[in-house]
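User: Hi! I am new to reading protein models. Could you walk me through some side-chain features, one at a time?

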Amino acid sequence: MKLCREPSRFMIVLLLTSSIPAAVSSQASTIDQRIDELLSRMTLDEKVGQLVQYPGYSEDRAQAIREGKIGSFLNVPGAENSNQVQRIAVEESRLGIPLIFGLDVIHGFRTIFPIPLATASSWDPELVTAIEAIAAREARASGVHWTFAPMVDIARDARWGRISEGAGEDPYLGSAMAAARVRGFQGDDLTAADRIMACLKHYVAYGQPVGGRDYNSVDMSERSLREIYLPPFKAGADAGAASLMSAFNLLNGVPTTANKFTLNQILRGEWGFEGFIVSDWNSVGELVQHGYAGDAADAARLALNATIDLDMASGIYDGQLADLVRANVIPEELLDQSVRRVLRAKFMLGLFDNPYVDPETETAAILRDDHVAAARDAARKSMVLLKNDGALLPLSEDIGSIAVIGPLADNQVDLLGSWHAMGQPEDVVTVLAGIQSRAAPTTTITYAQGSTITGAETDGFAEAVAAARDADVAIVVVGEREYETGEGASRTALDLPGVQPALIEAVHETGTPVVAVIMSGRPLTIPWLAENVPAILQAWHPGIQGGNAVADLLWGDYNPSGKLTASFPRSVGQIPIYYARDITGRPGTDFKYTSRYIDSPDTPLYPFGYGLSYTTFEYGDLTLSADTITVNDTLTVSATVSNTGDVAGAEVVQLYIRDPVASVVRPVKELKGFTKIYLEPGEQQTVQFTLRARELGFFDQEMLWAIEPGVFNVWVGWSSDEGLEGSFVLSGN
Ligand code: GLC
């Protein structure tokens, strides 16, 4: 029996659009009046020009700008650069419509923060908002108006290099991070000199390509789409994201850059999204390559009909749209709608009134001390302590000698991570430097690179082994090159690249205790490390303050608090692997004929939500405000958390549910809440979650949101696989 069904989606759109606050609507009418006035004076070519974006400026583009045939550039950072190009548009074109400049400010502009998968592992939305606001301040001061971020693609396949750019496998956490990043970039006023427009990408389901191979096809049920891959986009849109980027991939056979179901029906229709949509790089042109458009003109028609407003880099809108309108293949009204959305963004950014930036502002903003301090704080809070046998960490103040080993120990460029915008390697504090500056003067520190990251040479091993043999502890810093992650960086194996595994084994054989520090853009398969090395710190690509942050954690100046947001597989053969899995009709046991592998446990090496601390936390007193609730009720779920160790620390308390019997089988667990608390030794806190019955729902077999009565399981835990369990009943009346 369905308790509650979603009213028609049309009703929801009516409710949403009628609820725009008066203040916004009055501003909107002012902007709309200015758009109407401008539009009435624009020629067809000038209208098309607003929908054209090219990468990088060169002199041969100047005349097109004067003729109003280009509306945007990406990759023109720098106050002087952007002012120079902007002057052509504003002072030398007929209508003086300003350009909008975009850039991939993915985890910082010049102050580079840890990669997004790292900062998501902080489980701290406020932290994420704060660092995106810093990125926005530096970017806007440098003449960038718009970032192609946040990337909000859910990813459950670490072979896909772009898992580094998002928040991992879970839609609830991914939604919280999407909204937090939008708030950080945009703030409350896009005309402000320290805010930039956000762009939700890559719409949609780009993160689940077949084979984990970038740009490959995606095939999934509408339910998976709506329950897993769309929610972070909806959260970002609800947070006010002013733009969105379509993706490269097919979704169920239709390119996402021309997909009327996801773009027109869901995004524009059900959600009422009024921002503008930019295609990903040449993805309009790739409609032909996909075999979806017969030629460039067809591609232009299909994309514009799917409300793709701005054509990034393909030149197809530039070359085709005016002719298609003149031939009545495309109604001019459709073109006008896209032009309006782009012009609205430019008005919202204040570009018509203030098109230029002050180079002095740029100089003052870049790498400010507080920005650099924030980068260190973010890196510390993003790292995840995976193992710490025998409390090897934190290191003692009076440790006698430390061997710092590995190809990422004295490395700067790779700590920046992929998509590091204007980040400079010389800004990076290496792990070696961080350790050298943190260790006591009496501590002897030796360094041996040992190997390269990807090469096969082992001639450096002897020096590394010798260094380790003479030391009290060996800090071995390994991982991936920054270009081995991010776009176009799919891998078929997830082992530490090159001979790094052999290097660690050689160092381990000396008997000196090893701390493995892993710098990667994705979960790697590290079963040997997990088995043999006493301490493992997942540091990700930690940004410009990575070395200091690692040192902060090694000595316990900061107690590790990160938790994984992407499951670590034991082997690549387990992929896709995620905690919110189905139980199946034959849950895996030792019995042969169950859902299992015969050559590996079917559990992850480290699960979603997992991360250790230097202290211990004890959970107790799980309490539910009722045993039974109705669909109109909310349930309060609480538990006490105590710091039972002897150092202060932060803990991410997680709330999960399960609907064990339903008309569509539900996952064994779903995250429905989290909060990060800080406890002094001996301190106890009661953590409360409010669970609304609506959050227990799912898309039923008719693809309507259903909330079904019955027993529900609930957990308050410290990981997706451990916690206090309770249950309650959702009643049918
Ligand atoms: C790339 C990426 C996208 C990026 C854009 C502009 O191909 O897919 O994430 O924002 O081009 O650089």
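User: How many aromatic pairs does the count come to here?

Analyst: Keep in mind that this model is predicted. The general idea is that two aromatic rings pair if their centres lie within 6.5 Å. By this rule, the count comes to 21 aromatic pairs.

User: Is Tyr203 buried or exposed? And what about Phe233, buried or exposed?

Analyst: For this we look at relative accessible area, and under 20% means buried. Tyr203 has a value of 0%, so Tyr203 is buried. Phe233 is buried too, with a relative accessibility of 0%.

User: What kind of aromatic pair do Tyr215 and Phe248 form?

Analyst: Tyr215 and Phe248 form an edge-to-face pair, with 5.2 Å from centre to centre and 80 degrees between the planes. Tyr215 sits in the loop between strand 6 and helix 9 (222-229), and Phe248 in the loop between strand 7 (243-246) and strand 8 (250-251), so this pair ties together parts that are 33 residues apart in sequence. Tyr215 is partly exposed, at 36% relative accessible area, whereas Phe248 counts as buried at 7%.

User: Which residues form an aromatic cluster?

Analyst: One cluster is made up of Trp123, Tyr172, Tyr579, Phe608, Tyr656 and Phe674.

User: Which ring does the charged end of Arg156 sit over?

Analyst: Here we look for a charge placed over the face of a ring. The charged end of Arg156 is over the ring of Tyr578, 4.2 Å from its centre. Arg87 lies over the face of Tyr356, at 5.3 Å from the ring centre.

User: Let's turn to the ligand. Which residues come nearest to the ligand?

Analyst: There are 13 residues around the ligand, and the nearest are Asp104, Arg162, Lys201, His202 and Asp280. This shell divides into seven nonpolar, one polar and five charged residues. For polar contacts, we check distances between N or O atoms. An oxygen atom of the ligand lies 2.8 Å from a side-chain N or O atom of Arg162. For Lys201, a polar side-chain atom is 2.7 Å from a ligand oxygen, and for His202 the distance from a side-chain N or O atom to a ligand oxygen is 2.6 Å.

User: How much of the ligand does the protein bury?

Analyst: Taken alone, the ligand exposes 310 Å², and the protein buries 94% of that.

Methods
Residues are numbered from 1 along each chain as its sequence is written. This is a predicted model: local features need pLDDT of at least 70, side-chain atom pairs count only at pLDDT 80 or more; totals for chains, interfaces and linings use all residues. Side-chain values use heavy atoms; hydrogens and water are left out. Rings of Phe, Tyr and Trp (its six-membered ring) pair if their centres lie within 6.5 Å; planes under 30 degrees apart count as stacked, over 60 as edge-to-face and the rest as tilted. Buried means under 20% relative accessible area, exposed over 50%, partly exposed in between (1.4 Å probe, protein chains only). Helices (H or I, at least four residues) and strands (E, at least two) are DSSP runs, numbered from the N terminus. A charge sits over a ring if NZ of Lys or CZ of Arg is within 6 Å of the ring centre and within 35 degrees of the ring normal. A residue is near a molecule or strand if one of its heavy atoms lies within 4 Å of it. A polar contact is a pair of N or O atoms within 3.5 Å; within protein, one must be able to donate a hydrogen and the other to accept it, and residues adjacent in sequence count only if both atoms are side-chain atoms. Accessible areas come from the Shrake-Rupley method with a 1.4 Å probe; for residues, only the protein chains shown count as cover. Ala, Val, Leu, Ile, Met, Phe, Trp, Tyr, Cys and Pro count as nonpolar, Asp, Glu, Lys and Arg as charged, and the others, Gly among them, as polar.
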